[in-house]
Amino acid sequence: MIDVSLLGWLVVTLTSPLSLVLLLVALGSVAYLGVTALEAAPRQRGARAVGTGAAACALAAGMVGLRVGAGAGAAVPTAAVGIAAAAALGATAACAWTFGARAAAALGAARARRSAAALRAGDERRRLLAASQRAYAEGDDLAAETAAADDAVARLRAAVGALAGARAALEAKLAGAQDAPPSEERPEASALAEDLARACDEAALKLSMGQRVLAAAEAAALRIACNAPLRRLLRRRPREATQALATLGAGALAPAAASIEAFLGEVRAARAEVVEIAERRAPGAPGAPGAPGEDGATGPEGAEGPAALALRELAAMESAYGALLERLRLAELHASARASVEQVESAAGALSATARAAAIDPGAIGALVTEIARAESAVAAAAPEAGGSRALAEALAAGSVALDRSDATSLAELIAALRELR
């Protein structure tokens with residue numbers, strides 16, 4: 001029995017020396033497989049250092065705490081097992097470092113690919129959303145609807161034309177059958193004439209119905225075409241500007257006015273477009289029956305035509321937004337005047353504060369007059385003149401009275417009066 005212990009702890013008990021040999025072979029196989037895998041795999045930075053460090057640590061630990069067998073003969077198997085275990089552990093650590101780094105790199109690359117794909121998908125969704133919003137605002141679906149209605153009317157007109165041609169052919173045949181000589185009349189010819197007459201009547205009835213359907217379809221197509229500019233304007237109305245007026249107050253006056261003014265330009269362009277549509281689709285020249293008049297009324301319907309109704313709606317919209325624009329301009333003027341008044345008040349307040357801070361202290365003026373009076377008294381004492389003391393006393397008395405009254409007597413006048421006493 002061979003006991004294998006590490007740091008005093010029993011790890012395994014081998015039943016025979018053959019088991020020890022098999023353990024050495026297994027550890028050597030692990031080391032060989034690890035080295036072979038490292039050679040086959042791409043070189044990974046730091047794998048050699050990790051494997052060498054792990055092997056060195058394992059060898060040091062084995063030399064310190066590993067014990068295989070007992071007695072004096074345990075040194076050789078202990079060294080053999082320690083070296084084999086260190087080699088196997090080093091190779092395993094290097095493989096784990098190499099393939100772990102590769103797995104981490106692969107996971108990172110996959111994560112980066114997923115993130116890039118998510119970003120691309122988000123950009124694509126945002127692009128599609130922006131494109132759909134732009135198409136909605138520009139009325140691409142309205143243009144497609146108008147084009148589809150025109151195509152349907154064109155097909156219906158072609159069908160009615162074909163039906164009119166068939167009726168004309170039947171009438172020609174019927175006329176030919178009726179113009180035949182009486183001598184040639186036979187029962188078969190009489191039956192054919194009756195069938196042709198019946199077919200002509202049916203064709204005339206269908207043609208009449210087709211023409212009525214065509215007229216209704218043309219009116220519907222005209223109504224769709226005339227309403228398309230109005231529907232597009234309803235989508236493009238400056239709702240953000242009006243909402244900003246309600247939430248932001250005076251600060252949104254100028255942007256809202258600019259937005260509404262641009263929208264009014266679009267309304268005028270839509271009116272011109274409706275008039276152009278009515279002129280292009282109505283038969284005849286302007287002013288003729290069925291053609292658009294100056295107010296955009298078309299056809300026998302007059303003021304109730306699709307173009308006239310659309311023009312009235314556009315006129316009402318232009319009037320409403322025009323009145324709002326005028327009120328915004330007036331509000332801008334009021335705001336500008338209020339700002340000017342506030343600036344004037346601010347400047348006047350600052351000037352008043354400066355004037356109050358720069359006001360002359362009457363006490364300081366009095367002290368100055370007193371100092372001047374003392375100086376003049378000293379000069380008079382050094383060089384006395386006749387009547388000088390009396391005049392000086394009168395000047396000082398006048399100055400004191402003026403300062404006590406706080407009248408309009410200025411400091412310059414007081415000093416001039418004192419200096420005249422010299």
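**View 1. The chain as a whole comprises eleven helices and three strands.** This is a predicted model, in which local features need pLDDT of at least 70 and side-chain atom pairs count only at pLDDT 80 or more, while totals for chains, interfaces and linings use all residues. Residues are numbered from 1 along each chain as its sequence is written, and side-chain values use heavy atoms, with hydrogens and water left out. Helices (H or I, at least four residues) and strands (E, at least two) are DSSP runs, numbered from the N terminus. Along the sequence their pattern is β-β-α-α-β-α-α-α-α-α-α-α-α-α. Of the 422 residues in the chain, 25% are buried (under 20% relative accessible area, with exposed meaning over 50% and partly exposed in between; 1.4 Å probe, protein chains only).

**View 2. Three strands form an open sheet in the order β2-β1-β3, with antiparallel pairing.** Two strands pair if DSSP finds at least two bridges between them. The edges are held by β2 (9–14) and β3 (66–68); each has a single partner strand, so one side of each is left without a neighbour in the sheet. Strand β1 (residues 2–6) pairs with β3 over three bridges, and Val4 stands opposite Val68 in β3.

**View 3. Helix α2 (residues 47–65) packs against helix α3 (residues 75–138).** Their axes are 7 Å apart, at an angle of about 150°. That makes α2 roughly antiparallel to α3 (over 145 degrees; under 35 counts as roughly parallel, 65 to 115 as roughly perpendicular and the rest as oblique). Residues of α2, including Ala47, Val50 and Gly51, meet residues of α3, among them Gly82, Ile83 and Trp97. The residues of this contact divide into twelve nonpolar, four polar and no charged (Ala, Val, Leu, Ile, Met, Phe, Trp, Tyr, Cys and Pro count as nonpolar, Asp, Glu, Lys and Arg as charged, and the others, Gly among them, as polar).

**View 4. Arg45 lies in the loop between α1 and α2.** Arg45 is exposed, with a relative accessible area of 79%. Arg45 and Trp97 are 52 residues apart in sequence and 9.3 Å apart in space, C-alpha to C-alpha.

Definitions and conventions:
Axes are lines fitted to C-alpha atoms, for helices over the stretch in contact, and angles run from 0 to 180 degrees between N-to-C directions. Contact means heavy atoms within 4.5 Å.
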